[in-house]
Amino acid sequence: MSKELSDVFKLSRDWLSVQEVVDSVSSPSCGAISVFIGTTREDEADGRKVVGLEYEAYEPMAQSEFNKLCADIRARWQSVTHICVHHRLGWVKVGETSVVMAISSPHRHDGQQAIQHCISQLKANVPIWKKEFYDTQEVNWKENAECSWSNQKKPPENTLSEGKPK
């Protein structure tokens, strides 16, 4: 008996509903739903506070990359049943949700690993860009350190100098 699988990707200029994402992956055959919710944080850069982000995407390519990501997740974790990712576009102020994703699986272990992989690879490969808006009225396009086209160097996992974090 084969199980029905679903992959849902939605880009939206509207508020994101965590419940809608969770409901879309719910299944009687799954005992676990792993969820990631990413929010816009008040960050500080060069004495400027982030007041919000503006997201843009190349939507056809974003859908294509999402499909590749789902195939990769399913190859690594065969028990994954449903995958759903909703990502905001447009203006997102500090404190609001930017991305919601959920993955269902019969047991938690695969789903938890898959959700971590999903957010990392979404940031690395799906063409969604963000522009930071600061309290100084300045703006700056930001790259995710994970993205394949980034000029930023990804920080090492654990950087210690004389026992103290750098």
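Thr 97 sits in strand S7, which spans residues 97-105. Strands here are DSSP runs of E with at least two residues, helices are runs of H or I with at least four, and both are numbered from the N terminus. This is a predicted model: local features need pLDDT of at least 70, side-chain atom pairs count only at pLDDT 80 or more, and totals for chains, interfaces and linings use all residues. Residues are numbered from 1 along each chain as its sequence is written, and side-chain values use heavy atoms, leaving out hydrogens and water.

**Thr 97**
- Thr 97 is buried, at 18% relative accessible area; buried means under 20%, exposed over 50%, and partly exposed in between (1.4 Å probe, protein chains only).
- Leaving aside residues up to four places away in sequence, Thr 97 touches Leu 16, Ile 37, Gly 38, Thr 39, Arg 88 and Val 92; a contact means heavy atoms within 4.5 Å.

**Chain overview**
- The chain has three helices and eleven strands.
- Their order from the N terminus is β-α-β-β-β-α-β-β-β-α-β-β-β-β.
- Of the 166 residues, 40% are buried.
- Take contacts between residues at least 6 apart in sequence: 71% join residues at least 24 apart.

**Surface**
- The accessible surface is about 10,000 Å², with 48% from carbon and sulfur atoms; areas come from the Shrake-Rupley method with a 1.4 Å probe, and for residues only the protein chains shown count as cover.
- Trp 141 lies in strand S9 (residues 139-142).
- Trp 141 is partly exposed, with 45% relative accessibility.
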